Amino acid sequence: MKIFNYLNYEVEQKNFLYEALEINIEEKNIISFVGGGGKTTSIYTLAKELSKLGKKVVVTTTTHMHMPEDFIDFKGNVNEIIERFKSENLITVGIKDRDGKIVGGGEKIAEKLINLCDFLLIEADGARMHPLKVPANYEPVILKNTTMVVGVAGIDSLFKSINKICHRPEQVCKILRKNYNYKINTKDIANILGSEEGQRKNVKDCFNAKYRAIINKVDNDELLIYAKEICKYLYENNINVPKDISIIGFNDLI
């Protein structure tokens with residue numbers, strides 16, 4: 001895996017995802033991941049980096065996420081989490097659900113969790129493995145005290161039709177003003193990443209959250225060129241976003 005940062009028209013390789021996202025590792029953080037497929041991979045990449053630095057990290061969800069082999073089925077008692085942190089730095093916490101998934105326990109439980117750790121990493125909506133999505137009316141579920149929201153989009157959505165590649169295709173059609181057979185281009189991905197109807201939805205409702213974006217599945221040099229186009233479009237057009245949207249991470253480039 002290689003990770004890059006885009007700023008001022010330049011792409012610079014980074015050693016760690018937390019560097020590309022410009023996370024202050026000396027401060028307590030609540031980071032919510034939203035958008036297309038690849039959120040879970042990005043969350044655990046970041047979680048492992050932070051845990052290796054000696055940080056106490058809890059991974060959870062405010063909706064649903066796939067159930068890892070080792071997780072704490074949270075019933076309200078924090079003692080199991082406290083004991084686990086004595087021997088390891090990375091813990092997944094949720095409530096066991098059907099279909100091999102875990103669900104979140106709401107804002108009150110999340111507040112308990114952040115008091116126990118340095119970093120609370122949250123999967124805040126679902127995409128059913130689709131690389132691109134626009135949230136429904138009730139999504140995403142972002143805590144008010146979130147410090148950073150990370151919007152995720154898969155570059156493998158390029159040049160494929162909305163009805164075949166997108167989760168919530170009706171919402172994607174609405175935001176892009178296109179029909180179901182329309183094929184996604186780089187400008188469309190930029191619009192979804194930069195829009196308050198897309199991956200920036202509900203960010204402004206947080207107390208003081210920064211917004212970052214990840215473009216994933218950039219697996220070759222040709223896709224890297226397209227990823228740069230997305231970054232450049234965001235940077236030059238400032239689509240209802242602050243300039244720090246120009247911080248982009250690329251996953252899986254070989």
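This is a predicted model: local features need pLDDT of at least 70, side-chain atom pairs count only at pLDDT 80 or more; totals for chains, interfaces and linings use all residues.
Local features here need pLDDT of at least 70 and side-chain atom pairs count only at pLDDT 80 or more, while totals for chains, interfaces and linings use all residues. Residues are numbered from 1 along each chain as its sequence is written, and side-chain values use heavy atoms, with hydrogens and water left out.

Colleague: How many salt bridges does the rule count?

Modeller: A salt bridge is a side-chain nitrogen of Lys or Arg within 4 Å of a carboxyl oxygen of Asp or Glu. By this rule the count is 13.

Colleague: Which parts does the pair of aspartate 125 and lysine 39 tie together?

Modeller: The two side chains form a salt bridge at 3.7 Å, N to O. Helices (H or I, at least four residues) and strands (E, at least two) are DSSP runs, numbered from the N terminus. The pair ties together parts that are 86 residues apart in sequence, because aspartate 125 lies in the loop between strand E9 (119–123) and E10, and lysine 39 in helix H2 (residues 39–52).

Colleague: Is aspartate 125 buried or exposed?

Modeller: Buried means under 20% relative accessible area, exposed over 50%, and partly exposed in between (1.4 Å probe, protein chains only). Aspartate 125 has a relative accessible area of 1%; the residue is buried.

Colleague: Against which elements do the buried residues of H6 pack?

Modeller: In helix H6 (residues 169–176), the buried residues are Gln171, Val172, Cys173, Ile175 and Leu176. Contact means heavy atoms within 4.5 Å. These buried residues pack against strand E10 (132–133), helix H5 (162–165), strand E12 (166–167) and helix H7 (186–194).
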